[in-house]
Amino acid sequence: MGSGRSPLGLSRRALLTAPLGLAAAACGSSPDLGIGDLKLATGPEGATYRESGAALAALWNEALDREAVEIVFTEASVDNLRLLRGGEVDLAYGNVDVLRPYDGETVALLRIFDSVVHLVTLRDSGIRALADLAGRPVALGLPGSGTRFTGGRLIEAAGVPVEVRDLGQTAAAQALVDGEVDAVFSLTAMPTPAISWLLANAPPVHFVDLAAEAETMRYAHPGEYLPVTISGAVYPEVATTATLAVPTLIAVRSGFPTEAARFFTRTAVEGAAALARTRPEAYQINPRTAAATVPITLHPGAAAWFRSVKL
């Protein structure tokens with residue numbers, strides 16, 4: 001586990017013999033996994049990762065009846081994987097395309113939602129296709145983000161040279177309004193806080209159709225991407241637009257203790273309705289969808305819990 005310290009502050013034997021359930025023990029104490037403090041890597045300002053992570057950590061902490069899980073703000077998926085592999089965090093939001101080369105070293109507790117590629121421009125920009133971005137300044141996410149990773153793959157596959165701007169979600173939205181960039185890539189769940197801000201505060205915006213690029217990416221990287229649509233049901237008054245998505249998982253290192261993995265997986269899935277009251281992307285969570293982490297391996301503890309609910 002990197003430093004040799006259990007990320008849960010406990011011996012493996014003690015964890016494996018600790019009681020699991022979410023109900024309090026007979027003595028009235030909180031669930032006793034015997035865990036120490038944990039860190040959950042999330043994302044930047046304006047991104048779903050950060051807000052979803054805060055809600056998920058609160059759910060876990062409530063189940064444990066103490067502040068066991070601390071959220072860590074990051075540049076998102078690529079940065080999260082680096083921190084997770086280095087033992088600097090214990091749990092992390094991560095996209096399948098970023099995690100895949102390290103499958104086995106890192107494994108999944110569950111699929112938390114699907115992150116959607118938003119390519120946003122101002123409606124009067126004249127940009128209607130990815131090719132129209134050639135030579136233009138484009139916000140392509142922070143260097144450690146999933147937006148940079150997946151957006152970079154997209155523009156490379158399309159052979160479209162752009163002037164890359166290193167901007168997080170909130171800064172990118174403001175830069176579009178200020179005319180500093182001509183388009184913004186955002187890879188996150190819907191509705192995305194920064195995109196919702198744009199719709200409320202910017203001149204009319206337009207989502208660029210990526211139907212052809214979605215098919216190219218699916219065939220180039222089997223199992224990593226899926227076609228989706230952005231619609232007015234999520235973003236009012238926006239035309240339905242074809243794009244692509246990548247599953248987002250909660251990842252841990254392969255040595256994460258089994259009973260703790262069961263507990264965190266179970267709590268997240270069974271608490272989906274509570275999460276959804278403040279985080280609409282949590283409506284995607286149910287036992288069947290949460291278990292669908294292929295091509296990333298489920299942690300054995302998570303897999304055991306999913307089997308117990310008879311998927």
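Reader: Is Ala76 buried or exposed?

Author: The model is a predicted one. Burial is judged by relative accessible area, and under 20% counts as buried. Ala76 has a relative accessibility of 8%, so Ala76 counts as buried. This residue is placed in the loop between β2 and α3 (77–85).

Reader: Where is Asp65 placed, and is Asp65 buried or exposed?

Author: Asp65 is in the loop between α2 and β2 (69–72). An area over 50% counts as exposed. With 59% relative accessibility, Asp65 therefore counts as exposed.

Reader: How should I read a salt bridge, and how many salt bridges does the count come to?

Author: Side chains of opposite charge can pair when their charged atoms come close. The cut-off applied is a side-chain nitrogen of Lys or Arg within 4 Å of a carboxyl oxygen of Asp or Glu. By this rule there are 15 salt bridges.

Reader: What separates the closest N and O atoms of Arg279 and Glu51, and where do the two residues lie?

Author: The closest N and O atoms of this salt bridge are 2.8 Å apart. Arg279 lies in the loop between α10 (272–276) and α11 (287–290), whereas Glu51 lies in helix α2 (residues 48–64). The pair links distant parts of the chain, 228 residues apart. Arg279 counts as buried, at 10% relative accessibility, while Glu51 is partly exposed, at 35%.

Reader: Which residues are linked with Arg279 in a network of salt bridges?

Author: The network links Glu51, Arg279 and Glu281.

Reader: What are the accessibilities of Arg111 and Asp114?

Author: Accessibility is read for each partner separately. Arg111 counts as buried at 18% relative accessibility, and Asp114 counts as buried at 15%. These two residues form a salt bridge whose closest N and O atoms are 2.9 Å apart.

Reader: What is the N to O distance between Asp182 and Arg136, and which parts does the pair tie together?

Author: The side chains of Asp182 and Arg136 meet in a salt bridge at 3.4 Å, N to O. Asp182 is in the loop between α6 and β7 (183–188) and Arg136 is in the loop between β4 (106–122) and β5 (137–139), so the pair ties together parts 46 residues apart in sequence. Asp182 is partly exposed, with a relative accessible area of 23%. Arg136 is also partly exposed, with 28%.

Reader: How do helices α9 and α12 pack?

Author: One reads the angle and the distance between the axes. Helix α9 (residues 258–270) packs with helix α12 (residues 300–308) at an angle of about 50°, and their axes are 7 Å apart. That angle makes α9 oblique to α12. The crossing is right-handed. Among the residues making the contact are Arg262 and Val269 of α9 and Trp305 and Phe306 of α12. The residues of this contact divide into six nonpolar, three polar and three charged.

Reader: At what angle do α6 and α7 cross, and which residues of the two meet?

Author: The axes of helix α6 (residues 169–177) and helix α7 (residues 193–201) cross at roughly 25° and come within 8 Å. Because angles under 35 degrees count as roughly parallel, α6 is roughly parallel to α7. Their crossing is right-handed. In α6, Gln169, Thr170, Ala173, Gln174, Leu176 and Val177 meet Ala194, Trp197 and Leu198 in α7. The residues of this contact divide into six nonpolar, three polar and no charged.

Notes: Residues numbered from 1 in each chain as written. Predicted model: local features only at pLDDT ≥ 70, side-chain atom pairs only at ≥ 80, totals over all residues. Heavy atoms only, no water. Axes fitted to C-alpha atoms, helices over the stretch in contact; angles between N-to-C directions. Helix = DSSP H or I, 4+ residues; strand = E, 2+ residues; numbered from the N terminus. Parallel < 35°, antiparallel > 145°, perpendicular 65-115°, else oblique. Left-handed = near helix turned anticlockwise from the far one by under 90°. Contact = heavy atoms within 4.5 Å. Nonpolar A, V, L, I, M, F, W, Y, C, P; charged D, E, K, R; others polar. Buried < 20%, exposed > 50% of the residue type's maximum accessible area, 1.4 Å probe, protein only.
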